[in-house]
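Hello,

Here is the structure I promised to pass on. My notes follow below it.

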Amino acid sequence: MSLIERITKVGDAQVWYDNMPVESVYTVGIAGERFLRAIKDQGAIMGTVCPTCNLTYLPPMMYCERCFAELEEWVEVGTKGTVYSYTILGVSLEEEPLEEPQILALIRMEGVHGGLVQRLGEVKPEDVEIGMAVEAVFKPQKQREGSILDIEYFKPV
Ligand SMILES: [Zn+2]
């Protein structure tokens, strides 16, 4: 079939199955890199501040989503927060049953706009509560890779 031919029946369309060699590199951006470096190097969780809107963003943002100002002030937001919401996972991303259920929670730090989605540890699923005080548990410094997973989990305080 040439390019100028029109397909009038669906069955006339040709299908080609193959692989396309595509590579990509994902970057976390300027704010994301500084955020992950602080976790890796200092065991600190950082946010950015909009003094006009009186908001501290976590994860940090380069621009305020309300007034669009460039955010240049960075602050530590601490390593303690509260469980804002959570879910219990029974299967992996590969849809395999997990030997032990995992708990994912949205953790909010005091006075911060946003939060972190992280695993909870050192707690049974039936003991998790909304509003529960939790604290970040970091990997030992030599094992940190500059990933959000350098925070192994949050545990009850
Ligand atoms: Zn603002």
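Start with F154. Setting aside neighbours within four places in sequence, F154 is in contact with A105, I107, Q118, L120, V134, E135, A136 and V137. Bear in mind that this is a predicted model.

F154 also belongs to the largest nonpolar core, which has 25 residues. Six of them touch the most other members: L58, V77, A105, I107, L120 and F154. As background, nonpolar side chains in soluble globular proteins tend to be buried together.

Next, the strands around β8. β8 and β9 run antiparallel, joined by five bridges. F138 has I151 in β9 as its bridge partner. β8 also runs antiparallel to β4 (residues 80–91), with three bridges between them. There, K80 stands opposite E135 in β8. E135 is also among the contacts of F154.

Now the open sheet. Which order do its four strands take? The order is β3-β1-β2-β6, and the pairing is mixed. β3 (73–76) and β6 (113–114) stand at the edges. Each has a single partner strand, so one side of each is left without a neighbour in the sheet. For β6, the pairing with β2 (residues 55–58) is parallel and spans two bridges. Y57 stands opposite H113 in β6.

Best wishes

Terms used:
Residues are numbered from 1 along each chain as its sequence is written. This is a predicted model: local features need pLDDT of at least 70, side-chain atom pairs count only at pLDDT 80 or more; totals for chains, interfaces and linings use all residues. Two strands pair if DSSP finds at least two bridges between them. A nonpolar core is a set of buried Ala, Val, Leu, Ile, Met, Phe, Trp, Tyr and Cys residues joined through C-beta atoms within 7 Å. A residue is buried if 20 or more other C-beta atoms lie within 10 Å of its own, exposed if 12 or fewer, and partly exposed in between; C-beta atoms are placed from the backbone. Two residues are in contact if their C-beta atoms, placed from the backbone, lie within 7 Å.
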